[in-house]
Amino acid sequence: MKKVLGYLVMVCCISIARGQDGDPVVPEHTLEKVIKILKSKGVIKAVVVDKKYMKLAVPVYVPLQPVNDSLLPRIFADQPFLTYSLIANHLSITPKSKAEIEASRAYFEYRIRGFVLNDSANPLPGASVQLRSGRYGVPTKSGGDFNIVWTIDDTLEVSYVGYKTVQIPWRSSHKPLVIRLELQDPNMEVAVVKGYSSKEKGSTANVSQVKVAPVPNGDVLRIIQENVSGILAPPSSGLAGATHRFQFRGPTSLGAVSELNYRPSSSPLFVVNGIPWAPALRPVNQLTTMVGEPQAPGSAATGFDPFFTINPLDIETITVLKDAEATAIYGARGANGVILITTKKGTSKEPRLTVSVSYGAGKSLPTMQLMNTSQYLAMRREAFKNDNITPTAANAPDLLLWDTTRYFDATKFLLNGTANNLNEHFSFSQGDSLFQFLLNGGFGSQTSVLPSNIYGKRWSLLSDFSYRSKNRKIKTGLSAYVSVAENKWLTENVMYATLLAPNAPELTDGAGHLIWEENGGSFRNPLGYFLKNDYITTSNTLLHAYLQYKIFRKLRFETAVGFQQIHAEEKSKIPSSAFDPASDPTGSYGEASNRFTTFMVEPGLHYTDSLWQQIQVQAVLGAFWSSQLNDQWSQTYSGYTNDELLGIPSAANGSEYKSDKSKYLFLSTFGRLKLNYRNKYFLSLTLRRDGSSRFGPADRYANFGAIGAGWIFWERNNKNGANSYAKFRASYGSTGNDQIGDYAYLNTWNTASRPYQGLYGIYPAGLANPYYQWEITRKLEAGLELRINDNFNTTITGYRNRSRNQIITYLLPYQTGFGDIARNFPAIIQNTGVEVDASFKKSWGNFSWSSKLTLAIPQNKLLRFDDLENSSYSNKLMIGKPTNIIIGQHFTGVDSATGLFTVADPNEKLANKLDPVFFGGLRNTFRYKQVELTTYFEFRQQKAPHYLSDFYNSNNNNLPAGQINNDLSSNQPAELENRWRKSGDEATWQKVSTRNAGPVQNAINNWVNSDARLVNASYLRLKNVQLGYTFPDKFCRNRHIKGTSMYVSADNLFTITPLKGADPELQVPFSLPLQRNITIGLQVTL
Amino acid sequence: MQLFRLLYKCVFAVPFVAALPLITGCNKLLDAGEPDNKVVTPQVYKSDSLAQAAVIGIYFKIMQSVGPFNGYMTRFPGLSCDELFPASTTLIQDQPFLTNTLPSNNNLIWQIWTSTYSYIYQCNDLVEGLTGANSITPALHDQLLGEAYFLRAFSYFYLVNQYGDVPLVLSTDYTQSASIPRTPVDDVYKQMIGDLTEAQSLLPNSYVTTPEFPAARVRVNRLAVKALLARIYLYQEKWALAAAAASEVIESGIYQLETDLSQSFRYDSREAILQFMPVSDIFNTAEGNMFVPVNPNGRPGIILCDSILKYMEPADKRKAWVRTVTVSGKQYNSPYKYKLNAGTPREEYNMVLRLAEQYCIRAEARVMLDQLPEAVNDLNTIRKRAGLANLANITTQTRAIAAIEQERRMELFAEWGHRWFDLKRWPASRPTHPGEKRIDEVMNALRPATWKTTAVLWPIPSTEITSNPALIQNKGYN
């Protein structure tokens, strides 16, 4: 599994071959041999030397004649690092002091000749040969030869674009050096095709690259969040395959008022194997499921996330492009950052097969504490008393019709199960310098804690090969990823059933039939939820092929073509048996299909050269074209009176069909120039012109550009090759955003789905604005990189992004016919922040410790919004405040006389921030011999809505305290025990009431619209602990295997948070909780 | 190796083909065309079939799902007064109507407002599009324009009666229409009368039919326009005009009262002046779906207030319009004008305007014009059909008014909120203070605890006020 990546590690292979004859031939001896000779001749009697110093010796060229004392000064005169003393024929060798070395520096300078050869052993002209500390360099001449004065202590660095850099420590050599360069890792070249800068010393861009661990935890988005600073990707549910909420350096787009808190168009661009990921972060299912409504606005849309089809074990790297300089290459779509996901590649190694298996079990994390029967009944009776209403069988079946001594804990009933997960994966790879091949296959399944067979399964197959022609002119490769995910969910959120009145009747009778009422008091049986099933089958096919052709030495043509299809198919079955038979239920059946098809082509010309032997130049001229088609339909059949016939269209009483098709085309041409002056000063320029079919013909194209610069202002090299440096970089540029939906500029009419009087009607789809333009984000960023002896590495970045010309779905009164219109608006959103990535590693003998910290302190601010007060955004936004806020009043507690919530001033406007103040993670890895322990802590400082606001916004089955609904889901959090009961009470919560109108209900708005609604939801969570053991080589050799390891991993072991009632990560009380998982795994490489 | 060579060629060829238009011009590569399943505006008013489809689109939108003119106008006004009541546990959505305490952020009043304005937008688009259109066959042009004028007036009629003053929007240009303040009710009525006068000059007395539905009365004709005019004149208390318009409909000879009451609401009902044809597969009419349970012995969700049956004379054949069922020992009476709950067969259409109402209109107008015998005559026409004896002793206007209230209530219950609107426009029979309306009298008796005079109007949806600050909320709502 330990593939070495070309991006970071420049491991080189130096082959020194015998060159042409040069200087006078003098026999060469090692110092040890010379001393042996002197000893044998009796010149010296004994030698006192520490063995380790002998490593500093250089070969001796002094003619060994005459063999006497006079030889010694001559021999040691040529030793740059050693000196000697001779006392009574006893030779003592000691290292020179720093001052001595410095003093003799000039003496040891010598002019060395050498040759640089390419990977096919032909001379390589134009390669850069540099002394690292001297900052002096020469290029190789037409014969690949060079000539340079090499000083003691200095390291010779030979580099050439597309080849691995070679470093040679100082040596005294009388022979010419012959240096053969190796091509960079094939992946590196693919990276160059895409044009982004990898995380290398000379880069001017902010790029974070994650090499996916051999045993990744969780899904793709979790891996990104855990490794890259500034990215927040909390799950929306504990259910496998559910979408994530996502934030990357704050929201850049406003969107419609209704979507304001969801940042609909602030999704970054995801690119998987070079192909833009068409669904972005939106769910691909269309029917409503237990995790939410997929058609809801923005990130309130929750459903199935197609990233579930990607097996994390098949991912090689995830690259996150942050600043303008890095995202410029994706220009018009890079406003919200770019995330590149690359699957595994074949390697040039002997055949190896790695098999990994893991199995885990999980229990639900605790959720909110609800009232028990006596607390509940007391609350209900009190509510009636407060209202002066006498309970009747009609308005209080729970008090009068049901057994009031019974206690049923619905939360425990629903969440007490154990979730299992199983993962099986194999990987086979083989290759040589010309041909590399990889085949991966995997299966995974996850179940839930619910007492029903809810699962997510995934099958995946990845194949990758790359080929290079023998003459090194052509390189090509193809990767194919095919995966299928099958998820069985419910159609409705069963978590609302936790609110069932705690004295509800038994759920089933003796024969196992569902019970729906007792003594005439009916309720919704939680088991009914489990009869409403939703099946989502998603297939993902991803093909990517590339070709590179070297036209001549300095010019390379590269191209890539890609194809992707994501196809989600759904079936939902709601039988009439899932409802109370007294309510006269019928069954329904739904089918849906959603297909995304993407094609893309990316040709480019790459030119590399060096100017005046000082400046390395890389230039790229390229183009990108993609076409995304989306084809979706859904059909729902309803009115089934017979559950047996569910799914048969002719047995349905009626059906509804919906379909939509859209096409999105994107075209861009770009040029990029990168300059590198003596590996110390760096400059890069990008210019591009982009066109998107999402704009009207007059506003389709826009120009974007970025400039980046870097300066290594301090650098040191250790003798052992360890490198320390400090670098400053800065970039500025513009990127665009076209996430506004397809065809929004056209005044389109929809066709009626059904005929009226036999004719199909048409109706306007919405108000159209043909003149809106690109939303522009200008990004300014500066960063400091510090690296000390390869042990300590830190990057501190500050950024300021300003998004202007906002395309907002401007809210209109519906008297215009529609509620909104897309238009550009002179609003400016500013995102500033600081991000820190720091890592440290050190080893002491068998023990090693490495640590990695990510930290982000983002700040989001609305800088400008003209006439905000009179706009539809006036209740949602405030100038100078973040865009994600709740505007409200100052809460002044519960009035001890009336028992109602009060606020200080109903007209006050306080902005309460919802986004985190800071967040990050800390990973520590300790290794002793074969045992490795990894811990990962996640922390966040934030405020979140109190979980009771979900009760007070009674959109669902949850209700304010005291009331009941049809389903009798009326239980309340035990926290309400601290409520106002009688005049004079100092309570946290106001009095209860059975009325859904009146002063109690009105006072709820006081609380909901106040700062009391937001509570501290900061947390520190031990997200993961992993203990691994790698079997020793000897053990493996004896069993004829290449390696084996096993591990135990635990998720979510503990959390420190002041937040009650909801998970600080999920923040909503009614989504399936996260789990505490224990997983054991085994990995064998054959 | 053969394979690789082929691959090179393919991969190599694509970018060159793609790069060619880069040089010559990129517009082709960015042309997503027009969406496959959508039409674009300029085409619509150039072709007969698309222009007709644009009108059909209004009917479709009205009937596509449950909405203002498909169920809501029956359900919520009915629940607001002494007409309808939920059978068992109250649904959250019905609750505020039962107590006449609508919050201004209520979703249903928002839906009714927004849907109605979207129909108005469609009508405005048609009026604007057809006004300049010269490539449409003249007869069709007039028909479509007439329908658009009618549907616009029809939409405004319900808006003003629910919300009071409403913005009078007559254009599709949002830059103009977005800031229009509330227009006084009388001005909106003036526009309605103008629209309907325009429509009656454009439309023929015959219905537009298709071979598939040769007898359907599901498109607006001139008499439907007249029928709505009659109602509007009545509401405006222009008695003579109301009586004249109703007379024209009654005397046209096209309509007659069905003697078999179970025939009245069928697709082939001869008393229908205008029906909307169901388009949903799920149900025939929203009312049928709402009032009639699937199961023949099932308990209905919404029932009639007891008073309706109580006031119905024993011989009244209109009891056939009430369904009585006993579930677990309890008797439930629910509206049974429409008999079908579900979608097929398609035998009942949404009855919008029918002849019986025209008799009621004329009778009321004639009472107010002091033509009592003629008025009694009209009422007796309806009573006769219901199997009832002729009215006697209607000697004073007061008695006649009481008889009209009784007859309208028995004839038009659970239909388009007639009862609610009638109560709101009638003065109180024994006013305790001046200006008191009949509604106050009835509701003070029915819901003394919660009734407030301001509840006669629904609140303007709060989001609308937010997005158009020129709108001012109705009295009694914050």
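In this predicted model, helix 15 (residues 355–368) of chain B packs against helix 16 (residues 372–385) of chain B at an angle of about 155°, with their axes 7 Å apart. The two helices of chain B, helix 15 and helix 16, are therefore roughly antiparallel to each other, a term used for angles over 145 degrees. Among the residues that meet are B:Tyr359 and B:Arg362 from helix 15 of chain B, and B:Asp378 and B:Ile382 from helix 16 of chain B, where contact means heavy atoms within 4.5 Å.

Over all chains, the structure holds 63 salt bridges, each being a side-chain nitrogen of Lys or Arg within 4 Å of a carboxyl oxygen of Asp or Glu.

| Salt bridge | Closest N and O atoms |
|---|---|
| A:Asp1051 with A:Arg222 | 3.3 Å |
| A:Arg380 with A:Asp398 | 2.7 Å |
| A:Asp866 with A:Arg864 | 2.9 Å |

A:Arg380 is buried, with a relative accessible area of 0%, and A:Asp398 is buried as well, with a relative accessible area of 0%; buried means under 20% relative accessible area, exposed over 50%, and partly exposed in between (1.4 Å probe, protein chains only). By contrast, A:Asp866 is partly exposed at 32%, and A:Arg864 is partly exposed at 36% relative accessibility.

Residues are numbered from 1 along each chain as its sequence is written, and chains are lettered from A in the order in which they are written. Local features need pLDDT of at least 70, side-chain atom pairs count only at pLDDT 80 or more, and side-chain values use heavy atoms, leaving out hydrogens and water.

Key
Axes are lines fitted to C-alpha atoms, for helices over the stretch in contact, and angles run from 0 to 180 degrees between N-to-C directions. Helices (H or I, at least four residues) and strands (E, at least two) are DSSP runs, numbered from the N terminus. Angles under 35 degrees count as roughly parallel, over 145 as roughly antiparallel, 65 to 115 as roughly perpendicular and the rest as oblique.
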